[in-house]
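Q: I'm new to this one and would like a quick tour. Can we go through it bit by bit?

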Amino acid sequence: QKTVTGTVTSAKDNQPINGASILVKGTNVGTATSPTGTFSINVPAGKKILVISSVGFDDQEIDVSSQSTISVALKEKTSSLDEIVVTGYTAQKKKEITGAVAVVNVKDMKQVPVGTGEEALQGRASGLTVISSGQPGAASDLRIRGVTTFGNNQPLVMVDGVRGDLHNINVSDIESIQVLKDASAAIYGVAGANGVIIVTTKKGKAGKARVSYDGYYGVTTKGPGFDMANTQEEANAIWQQRINSGLQPGDEGWGSKQYGTGVNPVIPDYITPTGAFEGDPNTDPATYNINSNQITRANKAGTDWYDVITRNAPTQSHNISVSSGSDKSSYFFSFGYLNQQGIARFQYNKRYSVRANTQFNIGNKIRVGENAYVFYKNNPTYGNQGEGSPFSVAFREDAIIPVYDIAGNFAGTKSQDLGNAQNPYANIYRSKDNKSNNWDITGNVYAEVDFLKHFTARTSFGGVVDNNYYYYFSYVGYENAEGNTGANSFTEGAGYNSSWTYTNTLTYGNTFGNHNVKVLVGTEAVNYYGRNLSGTRSNYFSENPNYWVLGAGTGTQSNAGGAYQSSLWSQFAKLEYGYAGKYLLNASIRRDGASVFAEDVRYGYFPGVSAAWRISQENFMKGVSFINDLKLRGSWGKMGTAGNVGATNPFNLYSTRLGRSAYDISGTSTSPYAGFFRSNVGNPSTTWEGDIITNIGVDATILKNKIDFTVEWYKKKVNDLLYGAQGPQWASLYVGDAGLPQVNIADNQNSGLDLSLTYHANVSKDFKLDVTGIFTSYKNKIVSIPGSGYFDAGGIRNVVIQRNEVGHPLGAFFGYDVIGLFQSQDDIDKSPSQPGAAPGLFKYRDVNNDGTIDANDRTYIGSPHPDFTYGLNLAMSYKSFDFSAFFFGSKGNDIYNQTLYYTDFPDFFKGGIRREAAVNSWTPENTNTSIPALYNTGSFSSDQSTSSYFISKGSYFRCKQMQLGYTLPGTLLSRFGIEHLRIYVQSANLFTITKYNGLDPELTSTDPSSANANNLGIDQGNYPHTPSYLVGINLNF
Amino acid sequence: CSKDFLNKPPLGTLNPEIVASEVGVQGVLIGAYSLVDGEGASGDGFASGASNWIFGGVASDDANKGSDPSDVADAAPMEDWTITPTNGAIPQKWKLCYSGAQRCNDVLRVLPLATDIPAEEATQISAQARFLRAFYHFELKKIFGNIVYADENLTLDNTTNTTDVWPNIEADLNFAVDNLPETFSDEGRVNKWAAKALLAKTYMFQHKYSDAYTLLKDIIANGKTTKGEKYALLPHFYSNFNPAQKNSAESVFAAQTSVQDGSSVDWGGDPNGNYGDILNFPYTGGPGACCGFYNPSQDLADAFKTDANGLPLLDTWYSGNHVSDVTTPYVGNLDPRIDWTMGRKGIPYLDWGNHPGDAWIRNPGADGHFSPIKNVYAASQKDSYTDVGSAYWGPTELVANNVNIIRFADVILWAAECAADAGDLAAAMDYVNQVRDRVTDSNTWVKKGGSYDAANAVYTGGTNADTYKIGLYTSFPSKDYAIKAVQFERRLELAMEGHRFFDLVRYGTAGTVLNAYYDRYRSIMPLKANAHWTAGKNEYFPIPQGEIDNLNSDGTERLVQNPGY
């Protein structure tokens, strides 16, 4: 054994490299360089090669058999091809990958100031689409290569080898993310059908302890909101409704309770008493009674409800991490604090998180370690995308209603004839003391043993325990038209979800001449279990939050609870073979068994194979100098998913539910007999949904490593799509109201193109530029649905918007095509006969040309699926300044703007009216408009049909983040022991270019957590994204 | 590892073998009863409620839908008969009734698996199940006409809606008549007499008047409630709608409701209070807290006009000034039942104070000026017979107010019809007068300035709230007159109870009555503007298109759409 010392510098600028790792090849003996780039290492006898590596530099090997002092200049990495990429139970160099694996640029990703891991991934990996709402902490739609199933479209997320989730991860802790899109996911078998996102968190790196701090503080602005009519404009619109409906002053139905019955509307001084003026005896404050005379002044100018419920919201994030490592052990600790206040008042997402990842080396052959992540979160959220959610009642609540009545209590639609919306400010004010807390532990312990030279055995046990706890108070909205005299109630509940994953693998790797072989076999067991319970009581004497305990209610009480369990058991094998670095072949197979299927159809085999040809390694390519690397890939894989299949699926079952099976058989009025009902009809033959994915891809690095690009074409064919049973035998005639099983019914197909391109330019020594573009497209088509060949879905109230039909994409918008407005009775007479036709209402296209507009004239009027989505990242640095910007866009999708039912059709429900609809609707005098005439009642020709009037182009281009940073000179900082200090200013969602006529084109589905395809692209009132402005620092010791 | 590890039974449910015991089967039977209120199965809704307020009420001249025209828009076409097979209200009733029928079949399927049930009890269980199965099919039959009889032998291969199902309904009811006891300790169960009454109703709908008459006379003479109380008309008319007086001597068959049982916040289904009528309360005031639906029509109010003898204006009720007209109200005599049937401006609304008129009406132009009252509760009953129904639109009130499906007055008036049909005019008149007689007692009338006794549904003190005058018929001069008088009496006695449209179809007068009614109102009621009832088509509602599409989708035609749709 001998000691070798030396220094490591950067070849480019001769600056010392701190923390470069020095490893004796063929051993686990290693060290790291000091801040001045020096190191000292004991080289065991018989060993002579040192491997020197550092992030961002090419590895270098030095023979030290004849020297004991060395000086190494590392070349900056010019290509990412040698990056190690985790691809599912194994890791490969990027250049050896044979499947469609998108490697996320984690450094760029972390620049977007968001609260969830899903949001951070938006536009970062080709083939991955992420859509979020503006609500802090809300769930996002996450799709790899589009929507392909009726059930669960969420990809599998593996965090350090354990089934986890991205939602609550501390983005700062992430070391790398890979997205497996094709047969490369087949090794995950049943869980791989929607793709797999592999997240690896940071480990301690060799060298002295490093402390870093990253933090930002900023403000999210409230945004412009809706352009709603003011009180006078609204009153005029109501009068226009009456006129258009053929009424005259004096007729029954003329006028309004608030604005009188005159020729012109008169804005009253009070809305309670109804339409009252100063001097009315009932406006005397002495007569105020919150139930019978809730004296409320009219807001003559009009209340801007959006403005009232929103605020400029502070947001901040702080992360501190400490890490270190040696040849014996390494550790990474971090603490994170996130406090994102929502632009809706009183709404927030606060998270405290701690991570501890450690590894110990026992001798040369054994490694043990753990990854642990614990967080605690307070994140009460509102309902979003529904007619009762705050951003919906904000456009539904009438402008004449003030926030408060004369006594300082909330005002509302109990003042007569103003619709049935609710005071949106009262709603969110009353939610401010609600709680929704989670604490969650995720992690694993593992051990690895190397033996017999070429073998490594690994075992890992890990899982997630998620505990949730919540309570909320349901107030009596005394100010509302509806539900103003009921009883208050309080609900409190808790639950936990747990899962564990136990994985054992054995790897053999060896090289025979030009043949490189790696074989992996393994087993995996996954178990899910969870329980929840809740209780409700009504009639609380006091609504003070300090009084909110279940025992304090005096009225009706009830409780509920549930539990679930399921498991998976799998065996798998994988072969990776390479010949001379030119011909690469991967093959894998997995056998999965799932508890949710009946015993004889429980198991499935899921094979995958992929191959690549690195053309650039061929001799004939040697002369082609502009190509640095060129690889052609192809893959085929079969995967599966158990979709939304639950443990009840195979069985006929009975249950008891108070609301469904109980009956007061002895006439007590309060004590029904519980009873049983057939709750589930089983289908024992339901089995795996099968996905066959074929993929062809090209990876190239060209022009002196300046440009990397990847193009992928794929086809994903889904057979035996799982969906709630359809077809005659499942009609209520035969099965009553029993819950239907998921069955394998339909076929679906997606095909598309993913593209990514990165351009690195070192324009000069001081000026660098990196541009990355990501392009994702898919084309979705339903191949078969049994029975009628279609089914309808989506929408609110009686409005059905979407049809799933063979030959069309999932969730396509289906209705009447508006070709204009009827301009006159003459126009109506000359047009095909149409129910409810009237001047100023919609003229529909006679699709089948039979002279009559009826249900047969409904047609496909739009699709929620974009032609493509794209992300564009710019990163520039000049000397100590850096600038980056990230843009995300969606092109070619349609949005069904359902909010227009409320804002453009005052007959649909009274309440707020969109300014444009109030002042520019069709009248005989104002015919050059697309906004239909206002009537007292709706009709087939206006708001009682699904039509293209509600379709708006959903394309948008959004600047998701832009920042300017400055790194302070090292010489100045080293005095304080500071290694690196960067400060920056940033804006998120700075601007959006769109023609969408609603608030925000970035729309999640109504219920992202259910992850189904229904309600895709329907705007039911959405929590918008608004610009935010931040300052931040990055600091390393 | 694998085999046991992958056996993960569902939690919180029962398999059929566990249910197959005496207690289990009785529980499944309760599950079959639990849909009698029209709520609690997937796909249910306001249209499936036991009161049939949409199909029997809004579709007739009894009531307007109420609220804003676009609210529960699927019920709007019932006002003007623009209903189409894709209407969203019709599948609610269709699915609910077939769910009920299948729950009955579940009882019959599980029963033989249970070995611990004494034979007599087993027979009673099947008899109750078959009664309920007949009831669910009866509801389907009167609404949809051409239906499938879903008994335990129904398969894909023998499904058809072109076969007459009356014999199946009768067979189930005859089994129930033969095997049900007269009394049970649970007063909400159906007994032999309820079975006879439903069988009589079946005969009425088939115009088998003589068969019906025999049964009805037996019921009137000997019938008793499940509690063993002899059937009788209650002294106070409104006691029939009072949650404190449910399952009384007048109750032949009713949907039992309950509150404060924890079901109001159980969104696995709909709560056990009268959820079907949860919208049918005054708007912004009074009981219920929501939503201003099911407003009695002006025509119904006018039908309560009486002449100097206290008899109804059988031909001219709609002429002259309108009752409670906003500008020039009718000032003559009224049948006192009017103010137990609808809330009118200035008249006490139980103990909620005087009805304020349009302040409680959501959209007077479309809804008219009256509020329903038979499904509500007294202010003094709040909290004892009500419950919070947490709905997203706010805390609404649920009521433990049974829904009358057959009450004894109904039975007596069927007998009157049969008597009139048989030409026994004296008997017909006597039956009608029995029903009228109980409201001749002025102590039972609505009073101003008195106090409402919610325990007995009567006012104490005060003076008559309006000019009430009701008298008994002294002669039915002809068969035609008798039939007209009986039909008019049914309208008055059973108004707002969901029978009216089905009665009109049964009488064969729906076209003349409804189209004349629409003509009178089309110029002032926006939803009546183009209303027209078409004979040969609108006797029945369309069969839900989705059900037809689905059941015929494999190429076998199992369901045929009703004529005209």
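Predicted model: local features only at pLDDT ≥ 70, side-chain atom pairs only at ≥ 80, totals over all residues.

Q: OK, on to the cores. Which residues touch the most other members in the largest nonpolar core?
A: Those are B:F131, B:L216, B:V411, B:F476 and B:F541, out of 206 residues in that core. Helix α7 of chain B, residues 119–144, supplies the largest share of this core, with 13 residues.

Q: What is B:F476 in contact with, leaving aside neighbours within four places in sequence?
A: B:F476 is in contact with B:L425, B:A428, B:M429, B:V432, B:Y481, B:A482, B:A485 and B:V486.

Q: What does the second core include?
A: That one is separate and has 63 residues, including A:I238, A:I801, A:F842 and A:Y902.

Q: Changing topic: how many cavities of 30 Å³ or more are there?
A: Searching the whole structure turns up 18 of them.

Q: What lines the largest cavity?
A: There are 27 lining residues, and A:P113, A:E119, A:G134, A:Q340 and A:N989 lie nearest the centre of the cavity. Three strands of chain A, β17 (207–220), β21 (329–341) and β52 (1028–1036), each supply at least two residues of the lining. By type, the lining of the largest cavity has ten nonpolar, 14 polar and three charged residues.

Q: And which residues lie nearest the centre of the second largest cavity?
A: A:I131, A:P864, A:P866, A:L1003 and A:L1016 do, from a lining of 22 residues. Strands β11 (128–131) and β12 (141–144) of chain A each give at least two residues to that lining. β11(A) gives the most, with three residues. The classes in the second largest cavity's lining are eleven nonpolar, eight polar and three charged.

Q: What is the phi of A:N539?
A: A:N539 has a positive phi of about 65°, although it is not a glycine. You'll find A:N539 in the loop between β27 (515–538) and β28 (557–579) of chain A.

Q: Is A:N539 buried or partly exposed?
A: A:N539 counts as partly exposed because its relative accessibility is 25%.

Q: What about B:N247, where is that?
A: B:N247 is in the loop between α10 (209–222) and β2 (251–255) of chain B. Phi of B:N247 is also positive, near 55°, and this residue is not glycine.

Q: Why does B:N247 count as buried?
A: B:N247 counts as buried because its relative accessibility is 6%, and the cut-off for buried is under 20%.

Q: A couple of other loops, then. Where is B:P356?
A: B:P356 lies in the loop between β6 (342–343) and α12 (364–367) of chain B. B:P356 is partly exposed, with a relative accessible area of 32%. B:P356 and B:R344 are twelve residues apart in sequence, and their C-alpha atoms are 7.8 Å apart in space.

Q: And is A:A45 buried or exposed?
A: A:A45 is exposed, at a relative accessible area of 63%. Its place is the loop between β4 (38–43) and β5 (49–53) of chain A. The C-alpha atoms of A:A45 and A:N514 are separated by 29 Å, and these residues are 469 residues apart along the chain.

Q: Last one: which domains does the assignment give for chain A?
A: The assignment gives domain 1 (2–77), domain 2 (81–204) and domain 3 (651–685). The C-alpha centres of domain 1 and domain 2 of chain A lie 33 Å apart.

Terms used. Residues numbered from 1 in each chain as written. Chains lettered and ligands numbered in written order. Heavy atoms only, no water. 1 Å grid on protein atoms, 1.4 Å probe; cavity = no way out; pocket = protein on both sides within 12 Å on 5 of 7 lines; lining within 4 Å. Points joined across faces, edges and corners; volume = space filled by probe spheres on them. Helix = DSSP H or I, 4+ residues; strand = E, 2+ residues; numbered from the N terminus. Nonpolar A, V, L, I, M, F, W, Y, C, P; charged D, E, K, R; others polar. Buried < 20%, exposed > 50% of the residue type's maximum accessible area, 1.4 Å probe, protein only. Core = buried A, V, L, I, M, F, W, Y, C linked by side-chain atoms within 4.5 Å. Contact = heavy atoms within 4.5 Å. Domains from an automatic or database assignment.
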